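Q: I have a structure open and would like to go through it piece by piece. Can you take my questions as they come?

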Amino acid sequence: MDKRQQLVTTAFDLFYRQGIHAVGINQILQESGIAKKTLYHHFSGKEALVAAVITYRDRVFLEWLEKRLEQEKFTAEGVIEALFTALDDWINNRETTLTAFHGCFFINTCAEYGDPGHELHRQCAQHKTAVTRMLASCLLKAGLEEQAAGQLAYTLSLLKEGAIVLAQVQGDKQAALQAKALALSLASSVYSAKTP
């Protein structure tokens, strides 16, 4: 792993566990064993490092989710099963790709950078949009019409976010399974999602 990537992964681990504003540059340098001069060679400052960390987590999360979604046959029910089973594995620390669960890094970051116009906030919003688009794409492959796929993807995103927050804030380790049951019920009644 090169030094830039080492800085990014070390910073991610610290930011995710402790919060971005709670972690200083010196702590990142100490944990990574990398000199300050090297950090400033790669990043103009802490916010540039945070932006790189968001990009890193975005890539890791989307690649992980895409793999998990592709494990199921593309039916609406299959997409729902795959999404919430993946979340359940993550919430209950059975998923090593994403590291131990400390809630959603993107939600946590937006809590620290509350201005929707701030570049870091916008980066996090783009991640959430990308997840919803991925779900819509899977639902289109499952045979849903474009409008129905978009609506169901949005609903699944709402349930996903709620499950993550309940798991983080209230320690509800069953939240993803509850969301899955609700999503399957909605898919069959509201969207008439049937196997083609």
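Q: At what angle do α4 and α7 pack?
A: α4 and α7 pack at about 10°, and their axes are 10 Å apart. Axes are lines fitted to C-alpha atoms, for helices over the stretch in contact, and angles run from 0 to 180 degrees between N-to-C directions. Helices are DSSP runs (H or I, at least four residues), numbered from the N terminus.

Q: So what do you call that arrangement of α4 and α7?
A: α4 is roughly parallel to α7 because of that angle; the cut-off for roughly parallel is under 35 degrees.

Q: Which residues meet there?
A: Among them are Ile-54, Phe-61 and Leu-65 in α4, and His-127, Val-131 and Met-134 in α7. The residues of this contact divide into 14 nonpolar, three polar and three charged. Ala, Val, Leu, Ile, Met, Phe, Trp, Tyr, Cys and Pro count as nonpolar, Asp, Glu, Lys and Arg as charged, and the others, Gly among them, as polar.

Q: Where do these numbers come from?
A: This is a predicted model, where local features need pLDDT of at least 70 and side-chain atom pairs count only at pLDDT 80 or more, while totals for chains, interfaces and linings use all residues. Residues are numbered from 1 along each chain as its sequence is written, and side-chain values use heavy atoms, with hydrogens and water left out.

Q: What does Phe-84 touch?
A: Not counting residues up to four places away in sequence, Phe-84 touches residues including Leu-156, Ala-179 and Lys-180 (heavy atoms within 4.5 Å).

Q: Is Lys-180 buried or exposed?
A: Lys-180, in helix α9, is buried, with a relative accessible area of 15%. Buried means under 20%, exposed over 50%, partly exposed in between (1.4 Å probe, protein chains only).

Q: What about Arg-133, buried or exposed?
A: Arg-133 is in helix α7 and is exposed, with a relative accessible area of 62%.

Q: And where is Asp-115?
A: Asp-115 is in the loop between α6 and α7, and at 48% relative accessibility it counts as partly exposed.

Technical notes. Helices (H or I, at least four residues) and strands (E, at least two) are DSSP runs, numbered from the N terminus. Angles under 35 degrees count as roughly parallel, over 145 as roughly antiparallel, 65 to 115 as roughly perpendicular and the rest as oblique.
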